Structure formats: structure tokens, C-alpha cells
Amino acid sequence: MAETVIMPKLGFDMAEGTLVRWVVNEGENVAKGAVLAEIETDKATVEVESSYEGVVLRHLVQQGTVVPVNTPIAVIGAQGEKVELQAEGAPATQGAPAAQPAKEAQADVSPQTAPTAELAKPVEAGIPAPAGEVRASPLAKKMAADKKIDLRQVRGSGPGGRVVCKDIEMFLSQPQPAAARPAAPVTAPMAAPVAITPGVDRQVPLTRLRAAIGRRMTESVQQVPHFYVTHEYDMAAVMELRKQVNALLPEEDKISVNDFIVKAAALALLEYPNLNASIDLQKEQVVQHGSINVGVAVAVESGLLTVVTRNTDQKPIRQIAAETRGMVERARAGKVRTEDIEGSTFTISNLGMFDVDQFTAIINPPEAAILAVGSVKQVPVVVDGELRVGTRMKATLSVDHRVSDGAEGAKFLQALAKTLESPLRLIL
Amino acid sequence: MARITMREAISQALWEEMERDPKVFILGEEVGVWGGTYAVTKGFYDHFGGDRVRDTPIAEAVIIGAAIGSAMTGLRPIAELMTINFAFSAMDHIVNESAKLHYMFAGQFLLPMVIRAVGGGGRQLGATHSQTPDAIFAHFPGLKVVAPGTPEDAKGLLKSAIRSNDPILFIEHATLYQVRGEVPDGEYTTPIGVSKVQRPGKDVTIVTYSKGLEISTKAADKLAGEGIEAEIVDLRSLRPLDMGPVLESFKKTNRAVIVEEGWRSFGVGSEVSARIYEEAFDYVDAPIQRVAQKEVPLPYNRTLEQMALPQVDDVIKAVKEVL
């Protein structure tokens, strides 16, 4: 029985995506979970995985086409299976006709609108439910009813775009989509500087990612009243512990200073849930999130993304390091997955590798705070009236003043000091 | 705790119950002088004598008919069928008499009898000697169907079956006789009609019994290596069917795979999945998967036979399907 693959809704606000490349050609086999196509959204190029196993019988849209979400893009079935799609005669680029429910499509057919030869009956299954209807598992439906969630807002990851339990959980963990952040790179941007031609201006068109960053950051700076608190940390113990830990780990498993900071921030957020929050102006309330999902800003070629570790407070540092490494690699390769970049509740931007003393970051709405981390440096410090060489790092917290005040920000930074300066707590 | 085989566990249960109650006796083909086709009753004839360990003609209707008559008149027979495939020769006695006499005579008769039958495929015995028709027998009200998957359960359940006043079909899987497991020392019984969580997990519920338990456990071991924690619920008896632990587990994992050796259509998986859909509909997050025998008479050819029987990889595939 043939199944139809639809353009997935990869984010809360995604309305359409560009089908950049078909990875599996017509007539080729595809395994469940294998990459079927690459899609570019506002945020990134994302791989679309097949929910079915079988042969790709037909691509319904061409490469480079902009396709509305939920529009059928391909049919997968058994070898030799006949595809009878009304949509075949319709221009795939428009998407909408193909997305029409099967029954209506059949009823509406008139000689002017469809070639009679291909009428027949539509593909038996897989045509998305009519507008307003959503495929969802019974559990997902019940959860949505309990939490008063509109299922149409939730992206389904199951077969045929079915909304399942984890989609609802994912939806709940992200008050709004996280997007590109103004924060700073974890590593150097990859684009090499371009030489200047004297007297000649060079026009560089905004990529979708660049444009999205621009929109969101402008919105944040204009609408969110920021204040900043800076704290200096004694990093000697972290550096020593990291040295010892990394001596035991293979090269590919090494833990970065930032991984320690991510874990420490997650634990500090446990104590200060008000900074792991979002403001909801309509309801005049602050939503303190039930999960601590720490995002880390990563520089990519055309801008930057924030990769997210979920339930960061509950994960060992080694796992945080491994997950982050994987997500950073995917982000760099332009193969980032939706779940890599969505759902953060707090962000860390670390410019430490660029020899930065300190800086301030713009909050990524709807989060309440962002931590900007500078370099770890050897500096003169005074201990008990004596001048010594110390290992110090400065971090600046930007906070949404509608949610919190200076004292709470300062106490959060102190809580961070508690673990960063006694880092054994982080690996217990 | 001693580590013994399923064969030894069953043998111990029979021995202990015959020692305990002089009304208990065994009848069947080659159970006496020969010691049983699977050597379960080896040594019984010499110890208990020919009156209590009775060899019968090769006539299953006679074996079951005689068991029913003796049970109605006060003895506690244990009738052995060399294979469950031969139960079809005694179907009228099993279905129309043993399962119904207590009811039809308004409780005037009890039928404290056990039919021990060896089932299952995988030993190249051909299409007529390799069947797993457990679900057929579980269809009839009045007949209890028990099928253990571990030595501990085999011993405890068989002792309960022998002491029960109801007719019970006790199905032993031929390829499990060699399986070893811990069995408690001393006297114990295991209640019939109680499912058991044999392995805790949180990601998916595997419902199974008998040989399926062995396959599912191996699958769960492999899945654990990938970070998938499967919870295995062992039904242990098909009638009465205890859905309590199954539903409890399912409400936690929201996904289930049912593993049985019999054919898929109208099988144990059909019944269990229907009950989950009826009783836990709001907890269903993925269509329930059934792993079962391919719908062909079981081939003699070894390769084909293994292909037709459910395998560890089939279970793993089904689990990944529901995750």
C-alpha cells in the first residue's frame, strides 16, 4: 500500500520549506528513518527522514521548489506498485492542490481540471487528513485535550505525519520556536574573509538564516528590557579537573570548558527557575519551564544557530559533551535536525576561544536570560593581601527585566560560582 | 536456589505431587517403562509402579477419555500427550467433555485433571508435528491453558495445576526442556492466571509466553545495548488471561509488541492487542505489533523452518517499529 510523504512542519512558525535536494531518487529503496530529502527552512537545512520503508515511487515536487507544509512531496510503496495520483496533473510547485483531501479531489474532478486518463482512485493511504483534521495517536489526542493544545500546531513525527506522544512533549518543552541567536560562536565561523576591491561595493544577499537572525534580534532589542550582571569566576579547579578527566578519555570524547559551564548553568537554573522562564504578556504571567534545556550558540557559515541539550540538569557532562559535539558537527555540515535547535529555555554564548575579556549577549526570545562567557585567563589576583597568579573567567548574564531583577541575576551568578569553583559537584 | 533444567523442574513437580497425594497418577504413551519420550518421567515407573505410571495404546482419545473418567470418579490424572499435535485426535474429549462437564452437570462432577502436552516447532519434525496451536485451546471456556517459559514457573505452575480441581492443558515447549534457570529450594506453588513482569523496562512492553519469552529476552538484551529498555510481561497462562500487568506496563510505555510462536491470525497477539485497545485506548501511541509464525505449514527444511518461526531479529524490528 503506497504511503505519501508530506512536507513536514519543522517548527512552530514554519509555513513552507524549499526542497533543496532529493537524496533518494525515484525507483530507489528507502529504509525507515533513512534520509529522503533535504529541506531548507528559515533556520537551517534539515534532513527529512522517511517514515516508511519501501521504494520511492514518485517525487511529487522538483528540487528547488518552495512547498507549503503538509503538502505531499513523494510516494513510497512496493516495487512496481502503481501510483494513481490525482495530483499528478496539478503543478506540484503550488502544493495546495496536491494537499487536497482524496475524497474531495475525486468529487471535484471535472474535465477541465484533470486529465481523465489519470483519474482513477487516489493513492489509498497516506494522503493527509482534510484540513482541520490531524492524525494523532490516541495518547497524543488525550494529552492534547488534557493540556488544551491545538493538535494542528504540533508537528507529527510518526508515519504519515501522525502526532505521537513525543511530539506533544516536544511541543510542551518549547514555548515558542527557538531561532537563530545573536549570541556568539563556540568556534570560529568557517567563511574565509573576502578581499576588498578598492572602490567597489560588494552586495551580499541576506540568507534566510541571516534574515531570521535579524528579525528576531531586532525584536528582542526593541521589546525586551535587558539588564546585565557580570561576575568573575576562579576557574583553576575546573581547568585542573578537566585536565584530569580528559587524560582518561579518548581524543574524540574530550570535554570542553564550555561543557562544564553548560552543566553548571543547568544546576544553577534548578535553584533559580525564574531565569529558566518565558514571559507571557497576554496572560500576564511568567511561565517557569518544567525542563531545563540549555542551548549553546554555534557559528555556522551563514550565521549562527543554537544547539540544545535537553534536560541538561539531569545529564552527566560526558553526555552533554557528546550530544553537543554531534549537534555542532551537524550544524556545521548544514545537516542540523529540528530537535537540535528547538526548545532551549536558556542560552550560553561563549567567545572564550577568541581571547575575549567579556561581552554582553542579546536575549533570545522568549527566553528570560542568556549568559555571555569570556576567556579563561591567567591574571594577577590578591589573595589574603598577597599578589598571586590566578585563573579567572568573566561571564555576563543578560536578563529580561520584565521577568527578574538585578539581585536575582547576581544570586544566579553566585550559584554558578558555587559549582564552577568546586567542580566535583558537577561530576557527582 | 538450584539451577536446573525445565525438564528437571517438571519432573520434580510430578514426583513431589505423586509423593504427596496417592490419587495422582500418570498415563500416556511410553511414560512408564521407557520413561517418557522427553525423559520427564524417567525412574517413575520403578518408584511408583505400573498402577500409577500407566503406559497406554497409541490412541489419544483413549488417553484423554480415560483421564476424564478417572477424574470424575475421584482420581487426579495427569495425561501426557507426546505432542500437542496429537491432541487433535482427542479434540472431542478435550473440548466437548473436559471443558464442559462441570458446567453441564451443574457442578456434580469435578475434573481435577492435567493434560501435559509438548508443543512447538524448530526441530525439523515437519508440518504435522511442529505446531503451536495454543490459542485454539485458549478459545474454550472451561479449559485452563498454562504455558510456562522458565523452570521456576514450570514447576510451580504444574504443582498448582495438579492440585487444581479444574481441567488444565499444560503446554511444554519442546525446545525449552534444556533451558536452565533458578528454582527455589523446597516446597512452593505458583498461582495459575497471574502474568509476571520477567524483565523491567520503560520504553516498550513485550508481551509473550513460553518459547516467546526466550526469544524476547535475547531481543531485549540486544536492544539494551542500543539504550532501549524493553519490559517483558510473561502471560504464563492464556486462560485465565491476566491482563493486569500488561496494561500497567503498557500505560507506562504506550507501545507494545506481542511475541508468540503460533500463527498470527486469530492468535494470542490478536487477543492481547484487542484487549489493550479496549482497555487502554487513551494510552496507545503507536499501532501494536505482533511477532508470530509465518502463515504456512511449518517447513521441514531447516533454513525454511527457521525463516517461518519468529526470531530475535523479528522482535527487534517490531520494537523499532513501535518506538
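Two residues are taken to be in contact if their C-beta atoms, placed from the backbone, lie within 7 Å. The structure is a predicted model, in which local features need pLDDT of at least 70 and side-chain atom pairs count only at pLDDT 80 or more, whereas totals for chains, interfaces and linings use all residues. Residues are numbered from 1 along each chain as its sequence is written, while chains are lettered from A and ligands numbered from 1 in the order in which they are written.

Among the contacts in chain A between residues at least 6 apart in sequence, 68% join residues at least 24 apart. Chain A contains 11 helices and 16 strands, these being DSSP runs numbered from the N terminus (H or I, at least four residues, for helices; E, at least two, for strands). Of its 428 residues, 42% count as buried, a residue being buried if 20 or more other C-beta atoms lie within 10 Å of its own, exposed if 12 or fewer, and partly exposed in between.

Within chain A, helix α7 (residues 257-271) and helix α10 (residues 406-420) pack at an angle of about 130 degrees, with their axes 9 Å apart; axes are lines fitted to C-alpha atoms, for helices over the stretch in contact, and angles run from 0 to 180 degrees between N-to-C directions. That angle makes α7(A) oblique to α10(A), since angles under 35 degrees count as roughly parallel, over 145 as roughly antiparallel, 65 to 115 as roughly perpendicular and the rest as oblique. Ala264(A), Ala265(A), Leu267(A), Ala268(A) and Glu271(A) of α7(A) make the contact with Phe412(A), Ala415(A), Leu416(A), Thr419(A) and Leu420(A) of α10(A). By class, the residues of this contact of α7(A) with α10(A) divide into eight nonpolar, one polar and one charged, where Ala, Val, Leu, Ile, Met, Phe, Trp, Tyr, Cys and Pro count as nonpolar, Asp, Glu, Lys and Arg as charged, and the others, Gly among them, as polar.

In chain B, the axes of helix α8 (residues 211-225) and helix α12 (residues 312-322) come within 8 Å and cross at roughly 60 degrees, which makes α8(B) oblique to α12(B). Here Ile215(B), Ser216(B), Lys218(B), Ala219(B), Lys222(B) and Leu223(B) in α8(B) meet Val312(B), Val315(B), Ile316(B) and Val319(B) in α12(B), and the contact has seven nonpolar, one polar and two charged residues.

Helix α9 (residues 244-253) of chain B has Val246(B), Ser249(B), Phe250(B) and Thr253(B) as its buried residues. Seen down the axis of α9(B), these fall within an arc of 100 degrees, so they line one face of the helix, the arc being that of the directions from the helix axis to the C-beta atoms. The elements covering them include β9 (196-199), β10 (204-208), β11 (230-234), β13 (256-263) and α10 (268-279) of chain B. Just after α9(B), Asn254(B) takes a positive phi of about 65 degrees.

Tyr283(B) lies in the loop between α10 and β14 (289-293) of chain B and counts as buried because it has 20 C-beta neighbours inside 10 Å. Its C-alpha atom is separated by 8.4 Å from that of Lys252(B), 31 residues apart along the chain. Not counting residues up to four places away in sequence, Tyr283(B) touches Leu139(A), Phe250(B), Lys251(B) and Asn254(B).
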